Amino acid sequence: MTSLLARDLCVDRGGRTIVKNISFDLRAGEALVALGRNGAGKSTLLRAIAGFLPLSGGRLSHTGAEAEIPLPELSHYVGHADGLKSALTAAENLAFWARMLARSDETPSPSSALQRVGLKRLADFPVAYLSAGQKRRVALARLFMAPRPLWILDEPATALDIASQQVLAEAFAEHRAAGGMILAATHAPLGLVDAATLDLGSAPADLGGNA
Amino acid sequence: MRSPLSALFWRELRIARSVGGGGAMGVVFFLILVSLTPFAIGPDLNLLSRIGPAILWIAALLATLLGLDRLFQADADDGSLDLLLTAATPLELIVLVKCLAHWIATALPLVVASPLLGLTLAMEPESLAGISLSLLAGTPALTMLGAIGAALTAGLRRGGLLMAVLILPLTTPVLIFGVSSAAAASGGTVPFHIPMLILSALSLASLAGAPFAAAAALRARDA
């Protein structure tokens with residue numbers, strides 16, 4: 001079981017402190033939703049936790065059986081871009097990410113992951129022909145292809161229909177029941193039961209957050 | 001077949017071969033550039049055969065750079081690059097495998113096509129073999145140096161031209177020793193193996209160093 005500890009996280013972008021002194025605990029089975037207006041630094045915080053941006057201050061650590069593995073390698077990141085190659089089929093995209101992201105050779109078949117998001121019949125379709133919502137569902141199916149304890153989700157429900165949001169909520173519950181953690185930034189309700197919230201407040205310009 | 005790197009390699013090759021992947025464009029560009037030269041210079045066979053190796057090398061250099069700007073930019077645009085950073089595989093190896101796949105898809109066809117195009121430039125048989133061998137030894141250096149530029153410009157819109165401006169000066173030694181080994185093959189005072197060995201050394205050095213430089217540039221892309 002992995003848990004995550006963040007203390008006084010600060011992240012700078014372009015010479016400005018976008019995220020300032022954020023602290024939270026995230027234990028196995030818990031979910032944390034980052035709230036805030038546009039530009040409040042939700043995406044920046046998530047990208048820093050996923051390891052894409054350097055922290056300019058604070059401490060981020062994780063404990064548990066996998067404490068020696070770097071945090072990015074324990075994380076699934078679903079951001080604004082879907083990470084799919086439009087020339088390849090949905091199944092090929094998922095099979096690739098399963099091999100790239102999974103720690104073991106035992107990965108579920110792409111068709112079973114696509115079945116969960118209701119896209120099994122489009123498995124052999126090039127991603128270029130899928131709609132925005134369908135692409136997002138393929139990107140979310142990646143979460144089922146490789147077991148990783150921390151799901152970092154930046155607006156995961158964008159372009160999803162009601163039925164898919166329901167599937168996503170069920171997947172969240174299942175992941176948390178198995179001891180997984182979820183860190184999400186959202187404006188729409190995600191169906192996360194008793195999730196803690198992290199209020200990033202207003203845009204940093206209003207806080208006088210210039211560094 | 002099961003390892004992450006082989007999965008990446010086959011994915012890259014498949015994308016390069018698909019429509020819009022740009023795999024075939026390099027060799028077509030090479031063909032057009034070399035075919036245009038005799039029209040520009042005129043039907044002077046002696047002149048053409050003398051400058052043939054230089055024409056082929058410059059065309060190969062430009063054809064290699066043509067597809068390289070998309071090497072990391074395509075992955076940066078669709079979010080794949082972020083996900084590759086969360087893989088357990090070191091980014092340096094990912095860069096190396098992407099370059100290998102890119103070299104096979106774009107530079108290897110140039111090596112194969114070069115003797116045929118050399119014929120249109122009235123080059124001698126020894127010179128044709130020399131140009132193929134020198135391209136085989138030298139294009140890995142072009143791909144690896146280009147990968148550094150591609151990584152530096154991955155986050156920019158229309159970074160292709162900036163990449164060419166950054167990288168073309170660095171390719172000067174490769175061009176010098178590539179052309180001189182091709183010229184040495186058809187006689188001259190320098191034995192063939194001397195420029196060829198230097199060319200191979202340039203390729204090996206860039207193979208060893210460029211993945212680290214490109215990976216560092218990719219990691220710092222967003223910061």
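These legends accompany close-up views of a predicted model.

**View 1. Helix α2 of chain A packs against helix α1 of chain B.** Here you can follow residues 90-101 of chain A alongside residues 4-17 of chain B.

**View 2. Residues of α2(A) meet residues of α1(B).** On the chain A side, look for F96(A), R99(A) and M100(A). Their counterparts in α1(B) are P4(B), A7(B), L8(B) and R11(B).

**View 3. Chain B is built from 10 helices and has zero strands.** If you trace the sequence, the pattern reads α-α-α-α-α-α-α-α-α-α. The radius of gyration of chain B is 18 Å, close to the 17 Å that the globule rule gives for 223 residues, so chain B is as compact as a globular protein of that length. Taken along the principal axes, the C-alpha atoms of chain B fill a box of roughly 55 × 35 × 35 Å.

**View 4. Inside chain B, buried residues make up 51% of the 223 residues.** Among contacts in chain B with a separation of 6 or more, 80% are accounted for by residues 24 or more positions apart.

Technical notes:
Residues numbered from 1 in each chain as written. Chains lettered and ligands numbered in written order. Predicted model: local features only at pLDDT ≥ 70, side-chain atom pairs only at ≥ 80, totals over all residues. Axes fitted to C-alpha atoms, helices over the stretch in contact; angles between N-to-C directions. Helix = DSSP H or I, 4+ residues; strand = E, 2+ residues; numbered from the N terminus. Contact = placed C-beta atoms within 7 Å. Rg over C-alpha atoms; globule rule 2.2 N^0.38 Å. Buried ≥ 20, exposed ≤ 12 C-beta atoms within 10 Å, placed from the backbone.
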